[in-house]
Amino acid sequence: MMPVTGGLPTGVRQRPQLEGWMLFILEDTINGILMGSIYGLAALGLTVIFGVLKVINFAHGSLLMVGMYVAYWAVILTGLHPYLALVIVVPVMFLFGYFLQDIIIKPIFKAEKDVREPITVIIVTTGVWYILDNLSLLVFGPQYRNIQDNPLRGKMLEVVGMLLSVPKLWGFFAALLTAVAIYWFFQKTRTGRAIRATSLDREAASLQGINQYKVYNLAVGIGTAVAGIAGVSLVPFYNIFPSVGVLFDIKCFIIVVLGGLGSIGGALLGGMIIGVVESVGAQFMAATWTEAIVYGLFLVFLFLKPSGLFGVKYEW
Amino acid sequence: MRERNIWWKAYVCVLAFAFVCPMAFLVDRPASAQPKVVKVGNILPLSGPSASVGQQNKYSQDMAIEEINAAGGIKSLGGAKITMFYADSESKPEKGVAEAERLINTEKVHLLTGCWNSAVTYPTTAVAERYGIPFIVPVSVADKITEQGFKTVFRIAAKDSWWTRDQFVFINDLQKEFNMKVGTLAFVYENGDWGKGFAAGWNKLAEKGGYKVVLDEPYPSTATDMSPLAQKIKRANPDVLLLVSNAADAILITNTMAEYKVKPKAIIASGGGHADPSFLKAAGKNAQHIFDIVEWETDVNKPGVQEINQKFKSKYGYNLAGESVDAYIAMYVMVDALERAKSLDPKAIRDALAKTKLTKGPAMIAGYDAIEFDETGQNKYAALVMVQINDIGKGMERISVWPKGARRTGYKPVFPIP
């Protein structure tokens with residue numbers, strides 16, 4: 001890390017040599033992809049729910065927060081490896097989502113069944129967001145928690161002079177596996193095909209004997225379970241607090257629009273793009289500006305390709 | 001005849017009233033000469049968003065007044081007792097101003113103190129100045145409060161801009177104590193008013209001190225990933241890293257820096273998130289060796305600190321905080337001035353306050369060694385306390401290290417970070 005004149009136009013005033021420079025960019029890109037895949041994982045649940053219900057779920061960040069708390073308590077109370085806690089987190093979160101849809105959102109859906117885009121449901125999800133966030137504030141208190149001794153915390157992998165975060169690496173693989181599993185489920189299983197049929201045309205699907213409300217319950221259940229997986233991947237290195245969902249919420253929306261609403265691969269890729277912009281961009285400018293770039297990218301996509309990277313052109 | 005009777009009675013009434021009124025004054029005067037009362041108006045946010053800190057202020061001042069009155073009040077005024085007139089500002093400037101008017105005109109207070117929120121204190125001191133009533137400001141830190149050219153305003157706490165000043169004095173003292181040179185600095189701060197204000201101060205001081213600034217980086221407090229920032233700090237490779245952070249980001253930055261093995265010689269934080277109790281818990285041993293600047297810490301090595309803190313804790317259930325300490329000190333500064341003024345004339349009290357030279361007594365639970373006001377009414381010697389987070393056998397704790405007079409006995413700061 002010898003200083004050299006010329007080079008990075010950045011706040012880092014002591015400039016590295018070119019070779020180190022390349023290594024830095026590579027390191028930042030990899031880190032961006034790792035963190036971005038976790039963003040993508042968080043957005044995956046949102047895109048699944050949107051793909052089927054055609055409703056933007058504003059409570060998604062809160063579902064992520066609930067997932068993090070479930071993962072936190074599962075690890076604290078049982079002493080499991082964070083990723084083994086998935087055995088508890090996934091079913092709990094699936095049931096949570098299933099019944100959230102069945103008990104709270106479904107009645108509104110039924111009341112609005114003649115409308116193609118049920119806007120009141122969006123407002124209900126906003127209500128759910130506030131209730132969940134404040135409920136967790138009441139129950140768990142405002143303090144920041146993290147799991148002090150878990151086998152992944154603070155672990156770093158050193159590859160040719162680059163430092164890579166082990167918990168994020170786990171998150172990366174969790175994201176890939178989850179995406180593949182969901183894709184497989186939607187393509188290959190009978191239930192998955194029923195879900196896709198409903199998402200393409202709910203009337204036609206109903207005529208084929210598919211119970212659309214049950215499909216909705218399943219879709220929200222799956223989306224919530226995925227939020228739980230995202231929660232598990234964050235817990236080893238992130239803070240857990242009642243409003244943590246809000247930090248990820250907006251990012252999830254941007255990712256989903258970037259990748260194409262309802263697209264599974266798109267969510268993952270969108271997440272990675274944002275991760276790389278944040279990580280590499282921050283080396284050339286103040287971190288505050290990378291946020292501006294992310295939002296700028298979002299606007300550009302809305303102007304030029306509103307359907308996102310992998311979104312379908314026709315209307316839902 | 002009947003009519004005249006009524007008028008006669010009315011006349012007698014008015015006459016009687018006209019006689020009795022001055023009589024009341026005559027009766028009142030000699031009576032008040034025996035047990036004199038010092039009336040102190042105290043405007044605090046007792047409800048609204050700052051209610052909890054306002055209440056803490058009130059508690060520590062109540063305790064001080066209780067002690068003073070129990071010890072015989074103001075001896076030079078024949079054992080005059082102090083009576084507090086509390087007024088609630090609700091953290092609203094206009095409410096503070098109105099209450100100051102009321103306290104001065106209706107309650108006829110001899111002194112004013114308060115108002116915790118700088119935004120309330122600022123306009124309220126103007127009211128006091130207009131009436132010539134001395135105003136003791138315990139904690140409102142905004143620089144401008146003592147920069148209005150007022151004659152009646154006296155502030156105990158260190159000014160806002162002194163936080164950065166003291167951080168640099170500390171860096172200087174550290175270099176001397178450990179005989180090691182600090183050449184490069186990195187500034188990392190949340191991108192709000194607070195962080196930017198600190199950064200502006202740091203940049204000036206760094207230029208003056210001849211330090212090289214290798215990184216000047218604002219970041220959004222809501223950032224979800226701090227590893228780009230940690231990398232940037234690592235590549236800038238500063239000797240000393242200065243931070244301004246809120247709680248969530250303080251934890252995240254500390255943990256991420258540990259992961260990326262970012263090791264400057266020293267990390268100096270600016271209170272806020274780093275002083276949040278959940279920071280120590282959530283950052284754990286990654287927080288070790290971080291320096292943090294605060295108003296006061298329960299372990300400052302001054303006589304009386306432990307006893308007074310214990311008394312406060314047993315009374316109200318929690319430790320004294322820096323601001324409560326300033327509020328407590330303010331009461332003893334006031335008593336000292338009253339003793340020397342030997343009068344309840346606001347002018348005499350003001351002049352006595354201006355000549356304050358306090359070096360002993362309960363007021364000296366402060367981290368610094370004397371209280372004296374400069375011509376703007378600012379406590380010249382007010383200084384902040386630097387603590388180091390370290391584990392010396394009782395888990396991670398905040399240990400006072402600076403100023404040297406306040407350092408915990410037997411503790412040697414760790415510098416550079418091993």
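Reader: Among contacts in chain A between residues at least 6 apart in sequence, what percentage join residues at least 24 apart?

Author: Two residues are in contact if their C-beta atoms, placed from the backbone, lie within 7 Å. In chain A, 76% of the contacts between residues at least 6 apart in sequence join residues at least 24 apart. Before we continue: this is a predicted model, in which local features need pLDDT of at least 70, side-chain atom pairs count only at pLDDT 80 or more, and totals for chains, interfaces and linings use all residues. Residues are numbered from 1 along each chain as its sequence is written, while chains are lettered from A and ligands numbered from 1 in the order in which they are written.

Reader: How many helices and strands has chain A?

Author: Helices (H or I, at least four residues) and strands (E, at least two) are DSSP runs, numbered from the N terminus. Chain A has 11 helices and 2 strands, in the order α-α-α-α-β-β-α-α-α-α-α-α-α from the N terminus on.

Reader: Why is chain A described as being as compact as a globular protein of its length?

Author: The radius of gyration is taken over C-alpha atoms, and the globule rule is 2.2 Å times the number of residues to the power 0.38. For the 316 residues of chain A the rule gives 20 Å and the radius of gyration is 20 Å, so the chain is as compact as a globular protein of that length. Its C-alpha atoms fill a box of roughly 70 × 50 × 35 Å along the principal axes.

Reader: Which elements of chain A supply at least two residues each to the side that touches chain B?

Author: The contact takes 32 residues from chain A and 31 residues from chain B. On the side of chain A, α1 (18-53), β2 (162-165), α9 (244-259), α10 (264-284) and α11 (287-304) each supply at least two residues. That side divides into 14 nonpolar, 12 polar and 6 charged residues; Ala, Val, Leu, Ile, Met, Phe, Trp, Tyr, Cys and Pro count as nonpolar, Asp, Glu, Lys and Arg as charged, and the others, Gly among them, as polar.

Reader: Into which domains is chain B divided?

Author: Domain bounds come from an automatic or database domain assignment. Chain B has domain 1 (37-158 + 302-365) and domain 2 (161-294 + 385-406). Their C-alpha centres lie 33 Å apart, and the contact takes 4 residues from each of the two domains.

Reader: What order do the strands of the open sheet of 5 strands in chain B have?

Author: Strands of a sheet pair through backbone hydrogen bonds, either parallel or antiparallel. Here, two strands pair if DSSP finds at least two bridges between them. The order in chain B is β2-β1-β3-β4-β5, with parallel pairing. β2 (81-88) and β5 (153-155) of chain B stand at the edges with a single partner strand each, so one side of each is left without a neighbour in the sheet. Between β1 (residues 37-44) and β3 (residues 111-114) of chain B there are 4 bridges, and I43(B) has G114(B) as its bridge partner in β3(B).

Reader: Which helix lies across β1 and β2 of chain B?

Author: Axes are lines fitted to C-alpha atoms, for helices over the stretch in contact, and angles run from 0 to 180 degrees between N-to-C directions. Helix α2 (residues 51-70) of chain B lies across these two strands, at about 170° to β2(B).

Reader: What pairing has the open sheet of 7 strands in chain B?

Author: The pairing is mixed, and the order is β7-β6-β8-β9-β10-β11-β12. Helix α7 (residues 227-236) of chain B lies across β6 (184-190), β7 and β8 of chain B, running at about 175° to β7(B).
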